[in-house]
Amino acid sequence: MVNSASVIKDIKNYADIENVPIINDKSLEHIKYLIKKYQIKNILEIGTAIGYSAIEMALVDSDINITTIERDEKRYLEAIKNIKKLNLEKRINLIYNDALNVQLGDKFDMIFIDAAKAQNIKFFEKFEKNLNDRGIIITDNIKFHGLVDSQDIKSKNLKSLVRKIRDYITYLKENSNYETEFIDIGDGLAISYKK
Ligand code: SAH
Ligand code: MG
């Protein structure tokens, strides 16, 4: 038996030291709650980083399967190591590529978008065809460290990024194929329910 709590603790420590932006504890708790509530079995994740959120979601139940995509080689290799340590390689399928170059035929009960924040609309539109009827698309960092509510951003790049996140929020609100709720926990979650 592997001691998953101690492996997860090491992963969180690594994220802290190496500045890997893993999901906030409260946001993760909420996602795990939704996985249980809707008996989610197949999950697609965009943005693996070092495997932390994928591992946590996989550990909710032994019949959950996850496909997760990461484009950064160092993080991808670290994710492989972490997934192996927990013997989850049969249930977590890691894809090393830019998500925008990946074509998937499978269908998922949940899609978790947690990659480049400026690309959220692109990820949503590319992968919604892989969502089952009544499926859920969750997007992390919808507040982007509070900056999405801020009027006073100096950096040009940051301004442009925040504008794109605001555009994404509008896009979700106006998307009549989904009912989206915005949850003010952690760095902000958007939960979009396919009608
Ligand atoms: N979900 C992880 C954190 C992901 S951080 C967790 O909570 O544990 C976001 C990751 O998305 C980064 O590692 C970044 O390299 C990756 N990423 C950003 N844009 C991407 C893209 N277009 N395709 C694949 N991965 C991407
Ligand atoms: Mg995130």
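Guide: The discussion below takes the terms one at a time.

Guide: This is a predicted model, in which local features need pLDDT of at least 70 and side-chain atom pairs count only at pLDDT 80 or more, while totals for chains, interfaces and linings use all residues. Residues are numbered from 1 along each chain as its sequence is written, chains are lettered from A and ligands numbered from 1 in the order in which they are written, and side-chain values use heavy atoms, with hydrogens and water left out.

Visitor: How many helices and strands does the chain have, and what pattern does it follow?

Guide: There are 6 helices and 7 strands, where helices (H or I, at least four residues) and strands (E, at least two) are DSSP runs numbered from the N terminus. Along the sequence they read α-α-β-α-β-α-β-β-α-β-α-β-β.

Visitor: Why is the chain called as compact as a globular protein of that length?

Guide: The chain has a radius of gyration of 16 Å, close to the 16 Å that the globule rule gives for 195 residues, so the description applies. The radius is taken over C-alpha atoms, and the rule is 2.2 Å times the number of residues to the power 0.38. Along the principal axes, the C-alpha atoms fill a box of roughly 50 × 40 × 30 Å.

Visitor: Which residues coordinate the magnesium ion (ligand 2)?

Guide: Asp114 (OD), Asp140 (OD) and Asn141 (OD1) coordinate the magnesium ion (ligand 2), at 2.1 to 2.2 Å. Donors are N, O and S atoms within 2.8 Å of the metal (3.2 Å for Na, K and Ca); water is not among the atoms, so sites may look incomplete. In sequence the donor residues are spaced D-x25-D-N.

Visitor: What makes the aspartate pair a tie between parts of the chain?

Guide: Aspartate 114 lies in the loop between strand E4 (108-113) and helix H5 (120-127), and aspartate 140 in strand E5 (residues 131-140), so the pair ties together parts that are 26 residues apart in sequence.

Visitor: Are aspartate 114 and aspartate 140 buried or exposed?

Guide: Buried means under 20% relative accessible area, exposed over 50%, and partly exposed in between (1.4 Å probe, protein chains only). Aspartate 114 has 12%, so it counts as buried, and aspartate 140, at 3%, is therefore buried too. Buried residues make up 49% of the 195 residues in the chain.

Visitor: How do you know whether arginine 134 is buried or exposed?

Guide: Arginine 134 lies in strand E5, and its relative accessibility is 70%, so it counts as exposed. Its phi is near 65°, a positive value in a residue other than glycine. Not counting residues up to four places away in sequence, arginine 134 touches Lys194 and Lys195, contact meaning heavy atoms within 4.5 Å.

Visitor: What is said of glycine 135?

Guide: Glycine 135, also found in strand E5, has a relative accessible area of 2% and so is buried. Leaving aside neighbours within four places in sequence, glycine 135 is in contact with Asp109, Ser192, Tyr193 and Lys194. The C-alpha atoms of glycine 135 and aspartate 109 are separated by 4.8 Å, although the two are 26 residues apart along the chain.

Visitor: Where is asparagine 87 placed, and is it buried or exposed?

Guide: Asparagine 87 is in the loop between helix H4 (73-85) and strand E3 (92-96). At 54% relative accessibility, it counts as exposed.
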